[in-house]
Amino acid sequence: MELRDGYSAQETETSGGKKLREGLAAAWPICLGYFPLGLALGVLAQKAGLSPWWIGLMSILVFAGSAQFIAVAMLDGGASLAAIILTTLVVNFRHFLMSSALAVHLRKVPRGFLCLFAYGITDESFAVNMTRFRQGGWDRWRALVVNQTANLAWIAATVAGGFAGAFIPRGAFGIDYALTAMFLCLLVFQLQGRIYIFTAIISAIFAVTWYVWVPGDSYVVVASVGAATVGFFLKRWHNAPGRRS
Amino acid sequence: MTFRDYLLLIVGMGAVTYLPRCLPIVALAQRRLPQWLIDWLSLIPVAILSALVAPTLFAGGEPRTFELGKPEFLVAIPTFLFALRTRSLGGTVLVGMLLFWVARALGVGTW
C-alpha cells in the first residue's frame, strides 16, 4: 500500500461545501443501516428502564452500537455498573486496531483534530473511510463528515426508537440487511490482489470458528489480528529474495 | 438505579469507548511508522471486514452453531456479485436490502 498524506494532498484544492457534500454522499449507506439498528436499540433500552433522554445521552457519550446493545441487555439482567463498563471496554477493543490503521492516513494531522476524529471511529465509518482513503481523493475533513453524519443518524435513530420504535414492524423493506450489504461491498473494494483475498478467507474462517466456540465478541479482534499476521508472513515469504527470481 | 448510577454508567462506558479509539491514532499519527507495521496494518481493513460479516453469513443461533444456507448467506451471493460488477456502494446496499426482503417474504433459506 502506498503512503498517502491525507493532510496536505487534497486540502487546498476543494471548497468546504464540496467536501461536506462528498462526505454526506459517502455516509448515507451507514445512516440507512443505522436506522433499524438504532430503533431496535431504543426499544430495548426503553424496556430496560432508560428514558429516551438517557438513550440519547448514551448515544452521544458512548456511540458504540454493539456495546450499547450489550449494556442494555446487561442492565435488563441486573448486572453491576463495573461489569457493564468492563464488558464495554472488551467489546470496543477492536477499535484500537481500527484507530491504528487510520493513523497511516492521518499522518502529521494536528492532535486536536485527531482527538475529535477519534470519537467517531466505528466499524462502519472505519470501513467507509479506509476504502475512500485507499481510492484517493479523500481527506480528513471528508472523513470527519462521514463520522459525524453517522453519529447524528445514530443518535436520532436511538432516541426515535425510545419514543416510537415499538410501532415499527421488524424487517420492513429488508432494511436490517443494509449494514451486511454495505460490509460486503466494502469488502469487495478491499480485495485488491491475491494477498487480500487470501487474508479475507483466513479471517472469515477464523471469525466463524471463534464465534462458534467462544462466547462474546472477541472473534473480530482475534480473527483480524490472526489473519493479518498470517497474510503478512505469507507475503514476506512469497517476496523473499531467492523466490520468484 | 438512581440518576447518579445511570450517569456514572454512561460516563464510564463513554471513557472506555473513547480511549481505545483515541490513543492509537494520536500516538501513531505523529511518528514515522516502520514499514513492517504499515504492511501489517494494510491487511487489517480487509481482515476486519471479513471477520465482521462472516459470522452473520455462516453462523447463528443460541447456542451458536455453523449454519450453511442461511438467507443472509444466500442473499449475500448475488449481492457480492453485484458489488464486484458495479462497484457501487449505494446500489449494493439497496440491492441487498431488496433481495433480503424478497427472500424473507418467500421463506427462502429457512430449511
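Predicted model: local features only at pLDDT ≥ 70, side-chain atom pairs only at ≥ 80, totals over all residues.
Within the area that chain B buries against chain A, B:R21, B:R64 and B:L89 supply 11%, more than any other three residues.

In helix α4 of chain B lies B:L74, which counts as partly exposed because its relative accessibility is 27%. The C-alpha atoms of B:L74 and B:A103 are 8.7 Å apart in space, although the two residues are separated by 29 residues in sequence.

Chain A is assigned two domains, domain 1 (15-170) and domain 2 (191-245), whose C-alpha centres lie 26 Å apart. The contact between them takes six residues from domain 1 of chain A and seven residues from domain 2 of chain A. Together these domains bury about 540 Å², of which 67% is on carbon and sulfur atoms. On the side of domain 1 of chain A, the residues that lose the most area to domain 2 of chain A are A:R94, A:L97 and A:R134, which together account for 71% of what that side buries. Zero salt bridges are counted between domain 1 of chain A and domain 2 of chain A, and one residue pair, with both members at pLDDT 80 or more, is in polar contact between them. The side of domain 1 of chain A that touches domain 2 of chain A is made up of four nonpolar residues, no polar residues and two charged residues.

Helix α5 (residues 94-103) of chain A is mostly covered, with nine of its ten residues buried; among them are A:R94, A:L97 and A:M98. The side chain of A:R94 meets that of A:D123 in a salt bridge (2.9 Å, N to O), and this pair links distant parts of the chain, given that A:R94 is in helix α5 of chain A and A:D123 in helix α7 of chain A, 29 residues apart. Both A:R94 and A:D123 are buried.

Over all chains, five salt bridges are found in the whole structure. One of them joins the side chains of A:K19 and A:D139 (3.1 Å, N to O); A:K19 lies in helix α1 (residues 16-47) of chain A and A:D139 in the loop between α7 (123-135) and α8 (140-164) of chain A, so the pair ties together parts that are 120 residues apart in sequence. A:K19 is buried, with a relative accessible area of 8%, and A:D139, at 0% relative accessibility, is likewise counted as buried. A further salt bridge is formed by the side chains of A:R142 and A:E22 (2.6 Å, N to O). Because A:R142 lies in helix α8 of chain A and A:E22 in helix α1 of chain A, this pair also ties together parts that are 120 residues apart in sequence. A:R142 is buried at 2% relative accessibility, while A:E22 is partly exposed, with a relative accessible area of 23%. Through shared partners, salt bridges join A:K18, A:K19, A:E22, A:D139 and A:R142 into one network.

Terms used:
Residues numbered from 1 in each chain as written. Chains lettered and ligands numbered in written order. Heavy atoms only, no water. Buried area = accessible area lost by both parts, 1.4 Å probe. Domains from an automatic or database assignment. Contact = heavy atoms within 4.5 Å. Salt bridge = Lys/Arg side-chain N within 4 Å of Asp/Glu carboxyl O. Polar contact = N/O pair within 3.5 Å; in protein donor to acceptor, adjacent residues only side chain to side chain. Nonpolar A, V, L, I, M, F, W, Y, C, P; charged D, E, K, R; others polar. Helix = DSSP H or I, 4+ residues; strand = E, 2+ residues; numbered from the N terminus. Buried < 20%, exposed > 50% of the residue type's maximum accessible area, 1.4 Å probe, protein only.
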